[in-house]
Amino acid sequence: MDGSIESVRESVPDIVVVGAGLAGSLIAVLLARAGLKVHVYELRDDPRKSGSAGASARSINLALSTRGLTALKVAGLDDLVTKIGTPMHSRCVHLQTSSTPEFQPYGQIGQHLLSVSRNKLN
């Protein structure tokens, strides 16, 4: 076996991914697109179904950084996610010592986080 994806395809019958969170789902998509047979297992119920355990405990939005967007670009999903997201250029901090809020940028000029609704993403 030379380590190429072709030799892996021939020698590995199935790949198991435990956890269907952000990283697990992304690696499952990438491996399946490479022609490997992938099984994904997740302990929690599907968050898209109303009343699923833990759905109400999750945050409403997901904030994606450059790393997350780069990973989505590798999977060819960046345009889709960017269309449903809202750029966040800074955060507002309310200090106890001042009545004036302070805005702190998330990066350099032109950089931002992307806020994406979990419901839309699912």
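**Reading strands and cores in a predicted model**

Guide: Val 18 lies in strand 1, residues 15-18; strands (E, at least two residues) are DSSP runs numbered from the N terminus. The model is predicted, so local features need pLDDT of at least 70 and side-chain atom pairs count only at pLDDT 80 or more, while totals for chains, interfaces and linings use all residues. Residues are numbered from 1 along each chain as its sequence is written, and side-chain values use heavy atoms, with hydrogens and water left out.

Visitor: Is Val 18 buried or exposed?

Guide: Buried means under 20% relative accessible area, exposed over 50%, and partly exposed in between (1.4 Å probe, protein chains only). Val 18 has 73% relative accessibility and therefore counts as exposed.

Visitor: What is the order of the strands in the open sheet?

Guide: Two strands pair if DSSP finds at least two bridges between them. Here three strands form an open sheet in the order 3-7-4, with antiparallel pairing. Strand 3 (61-64) and strand 4 (85-88) each have a single partner strand, so one side of each lacks a neighbour in the sheet. Strand 7 (residues 113-117) is joined to strand 4 by four bridges, and Leu 113 is the bridge partner of Met 88.

Visitor: Which residues make up the largest nonpolar core?

Guide: In soluble globular proteins, nonpolar side chains tend to be buried together. A nonpolar core is a set of buried Ala, Val, Leu, Ile, Met, Phe, Trp, Tyr and Cys residues joined through side-chain atoms within 4.5 Å. The largest one here has six residues: Leu 62, Leu 64, Leu 72, Val 81, Leu 114 and Val 116. Strand 3 and strand 7 are the elements that give two or more residues to this core.
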